[in-house]
Amino acid sequence: MPGLGHKSELRFGKETTFGGGATPTHKLEIVRANFPPDVGVLQDQALYNGVSRRGLYQGGFLVRGTFVVRMNYDGMLELFRGIWGSGVSAVVGGETIVRDHTMKEASTLPSYEIQAGTGAVPTGRSCRLQGAKFVNAKIAGTAGQGVDAMLQAEVTVLAKDMTSDFTPTGSAAFPAILPVLYHQASGATGVVDDGTADSGVRVRQFEVTLEQPHTEDRFYMGSVNIDEPLRSDFLTARWRLVQEFQTKTQYDAARAFTVGSPRLVFAHPTTIGTGSKREFELRSNQANIVEWGAPVEGFGVILSTVQFEAFQDPTDVTALLARFRNLEAAIV
């Protein structure tokens with residue numbers, strides 16, 4: 001029986017020490033996943049009066065891959081803490097069981113063990129990634145009726161090693177199915193802020209990316225695998241918004257290099273606690289427009305595309321902030 005995609009899943013748990021492994025504490029349904037190995041090959045350079053090489057030898061080994069998950073109001077806290085680096089939780093004012101969980105940038109990203117069930121090959125087994133870091137992420141959504149109308153998160157993984165034929169551990173369960181939908185950026189707590197003070201904006205599509213360069217060359221004598229990947233450059237947080245061209249405010253802000261504050265807040269319609277809603281928020285309080293355009297391409301509605309690049313906000317103490325409001329326990 002070949003591997004079948006619908007039998008795949010993702011389990012992960014935070015490691016205490018890099019590469020030391022961990023029992024998975026979280027489990028997510030995946031949309032796509034790919035964890036190809038980066039196999040180093042050492043080619044024999046010796047000359048011996050022949051035209052084929054004397055041999056090929058093993059070089060350094062690491063894993064660089066990606067996975068895509070449905071954005072969900074519940075069950076995402078550990079994943080986002082891993083992406084941002086740090087997370088704190090606080091009870092919402094006036095509530096007793098509703099918490100805000102806020103993710104911010106940190107000097108070092110935590111590492112994880114990932115157990116990736118890939119099509120049930122072999123049956124009941126998983127691939128085990130150790131020393132895995134979530135180095136890049138893209139959260140995106142598109143208004144309308146396509147599959148992108150349900151927000152998704154694409155995560156880039158850099159891992160020390162991956163072994164196959166591993167028996168999954170732990171008893172983590174899938175979270176309740178509470179997807180974040182594009183039209184939930186409305187109502188009393190929903191927010192669509194295109195980085196200006198304009199009201200009534202019509203954002204058709206968004207992508208928020210967080211790129212965090214890490215070393216991939218920390219090989220050392222006596223080890224095939226890399227040592228812990230560490231930051232090798234500043235992180236980059238960007239917003240890309242496609243919207244109906246209604247005002248010239250963004251162009252004027254780009255020309256004047258005016259600081260903007262793009263923000264999105266999605267709220268689930270059901271009530272939790274005494275009167276709150278589940279929420280998912282992304283915001284950058286300090287960001288400048290680095291690209292803008294509103295090309296005329298035909299008879300119909302003109303769409304503008306803007307890209308903001310964010311920098312550290314002294315109040316949020318991060319360039320890009322993510323926040324979940326739900327009933328989950330505090331991050332520890």
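**View 1. Asp100, Arg263, Glu279, Glu281, Arg283, Asp316, Arg323 and Arg325 are linked in a network of salt bridges.** A salt bridge here is a side-chain nitrogen of Lys or Arg within 4 Å of a carboxyl oxygen of Asp or Glu. The model is predicted: local features need pLDDT of at least 70, side-chain atom pairs count only at pLDDT 80 or more, and totals for chains, interfaces and linings use all residues. Residues are numbered from 1 along each chain as its sequence is written, and side-chain values use heavy atoms, with hydrogens and water left out. Among the members of the network are Arg283 and Glu281, whose side chains meet in a salt bridge at 3.0 Å, N to O. Arg283 and Glu281 are both buried (buried: under 20% relative accessible area; exposed: over 50%; partly exposed: in between; 1.4 Å probe, protein chains only).

**View 2. A salt bridge joins Glu244 to Arg204.** The closest N and O atoms of this pair are 3.0 Å apart. Strands (E, at least two residues) and helices (H or I, at least four) are DSSP runs, numbered from the N terminus. Glu244 is partly exposed, at 24% relative accessibility, and Arg204 is also partly exposed, at 34%. In total, the structure holds 24 salt bridges.

**View 3. Asp227 and Arg218 form a salt bridge through their side chains.** The N to O distance is 3.7 Å. Asp227 has a relative accessible area of 29% and is therefore partly exposed. Arg218, with 30% relative accessibility, counts as partly exposed.

**View 4. The loop between β8 (112-117) and β9 (126-142) contains Pro122.** The peptide bond leading from Val121 to Pro122 is cis, and its omega is near -10 degrees. Ala120 is found in the loop between β8 and β9 as well. Although Ala120 is not a glycine, its phi is positive, at about 60 degrees. The relative accessibility of Ala120 is 24%, so this residue counts as partly exposed.

View 5. Asp165 is partly exposed, with a relative accessible area of 42%.
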